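Please look at the sequence and the structure together as I speak.

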Amino acid sequence: MKQKLPLCYIAFIPFSLSVFAAESNESQVNPLVVAKAVEVGQHLRSLPKVEVTAQTTLDVTLKSGQKIQSHGTSQMVADGKNRLYMNIDSDSITREYFFDGKNLTQYSPPLQYYTTIDMPGTAAGMLNKVEAHYGIHLPLKALFTLGSDQEALSKLTSAVYIGPSKINGKVCDHLAFSQPGADWQLWVSRDKNPLPCKLVVTKTDETSQPQTSQTFAWNLKPFVSPSEFTFKPAKGDVAIPLKKLAE
């Protein structure tokens with residue numbers, strides 16, 4: 001029988017890791033597992049400065065129908081709520097993103113093309129807008145929203161504790177979630193203030209069910225300068241327009 005619990009209470013449930021397994025056998029949506037995801041997201045959003053590097057894999061389906069795997073590295077540096085730097089270096093794309101609370105610049109180092117758009121507000125708001133208006137999906141966006149969307153949490157059809165698992169030599173707790181259109185797995189550290197060790201998302205609403213995987217390395221005391229979040233074109237860089245999805 002599915003166990004229901006008002007989501008507003010989930011974040012305040014005291015729990016220990018030892019009860020995860022027992023609960024997971026009795027309910028498809030274990031509130032303690034959901035609470036752990038909420039706790040991790042709240043901790044991430046409370047950090048004043050953070051640097052995270054992710055080793056990524058992405059499933060790509062060829063025209064023949066064969067599914068292959070693309071590799072890459074993503075890095076994010078955040079300073080407060082409105083300064084953000086990201087870079088992506090993968091088999092298929094190399095991009096840098098600079099956000100200073102007023103403007104967002106997307107830069108392609110290999111091509112030396114860049115585009116700057118007005119985007120005042122917070123980094124989290126910018127990530128939502130750039131995805132909605134320009135179709136740009138930044139790989140580490142999920143870290144800003146983890147456990148914060150009550151509507152998304154209410155749509156979970158499964159939330160279970162899998163067990164302990166070593167990620168990069170460190171024991172993490174493996175959690176698994178299902179919701180319409182996606183299955184996702186989250187490994188979290190056993191620190192007092194837990195951090196994501198790894199995130200895997202499988203899109204179940206696509207025939208090939210492509211999967212993305214990100215394994216994280218964290219630096220909670222990065223040295224950052226405000227100038228790092230504002231793009232300054234170098235000799236040879238060319239400004240180009242960025243079209244909205246509706247244009």
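Residues are numbered from 1 along each chain as its sequence is written, and side-chain values use heavy atoms, with hydrogens and water left out.

Let me begin with confidence. The term pLDDT denotes the predictor's confidence in each residue, from 0 to 100. Its mean over the protein is 87, and 89% of the residues reach 70 or more. Over residues 1-19, however, the pLDDT is below 50. Where pLDDT is low, the predicted coordinates should not be read in detail.

I turn to the sheet. Helices (H or I, at least four residues) and strands (E, at least two) are DSSP runs, numbered from the N terminus. Two strands pair if DSSP finds at least two bridges between them. In this model, 12 strands form an open sheet with mixed pairing, in the order β7-β8-β9-β10-β11-β1-β2-β3-β4-β5-β6-β12. Which strands stand at the edges? They are β7 (158-167) and β12 (238-239); each has a single partner strand, so one side of each is left without a neighbour in the sheet.

Consider β1 (residues 49-61), which pairs with β2 (residues 67-79) in the antiparallel sense over 13 bridges. Val50, for example, has Ala78 in β2 as its bridge partner. These two strands form a hairpin with five residues between them, and Gly65 in the turn has a positive phi of about 100°. β1 also pairs in the antiparallel sense with β11 (residues 211-219), over eight bridges; there, Val52 stands opposite Trp218. β2, in turn, pairs with β3 in the antiparallel sense over seven bridges, and Met76 has Met86 in β3 as its bridge partner.

Buried means under 20% relative accessible area, exposed over 50%, and partly exposed in between (1.4 Å probe, protein chains only).

Now the interior. A nonpolar core is a set of buried Ala, Val, Leu, Ile, Met, Phe, Trp, Tyr and Cys residues joined through side-chain atoms within 4.5 Å. The largest has 44 residues, and those with the most contacts inside it are Leu84, Met86 and Phe177. Helix α3 (residues 31-46) gives the most to this core, with six residues. Apart from it lies another core, of eight residues, among them Val77, Tyr85, Val224 and Phe231.

Finally, Asn87 lies in β3 (residues 84-90). This residue is buried, with a relative accessible area of 17%. Its side chain makes polar contacts with the side chains of Gln75, at 2.7 Å, and Tyr85, at 3.3 Å. A polar contact is a pair of N or O atoms within 3.5 Å; within protein, one must be able to donate a hydrogen and the other to accept it, and residues adjacent in sequence count only if both atoms are side-chain atoms.

Terms used. This is a predicted model: local features need pLDDT of at least 70, side-chain atom pairs count only at pLDDT 80 or more; totals for chains, interfaces and linings use all residues. Contact means heavy atoms within 4.5 Å.
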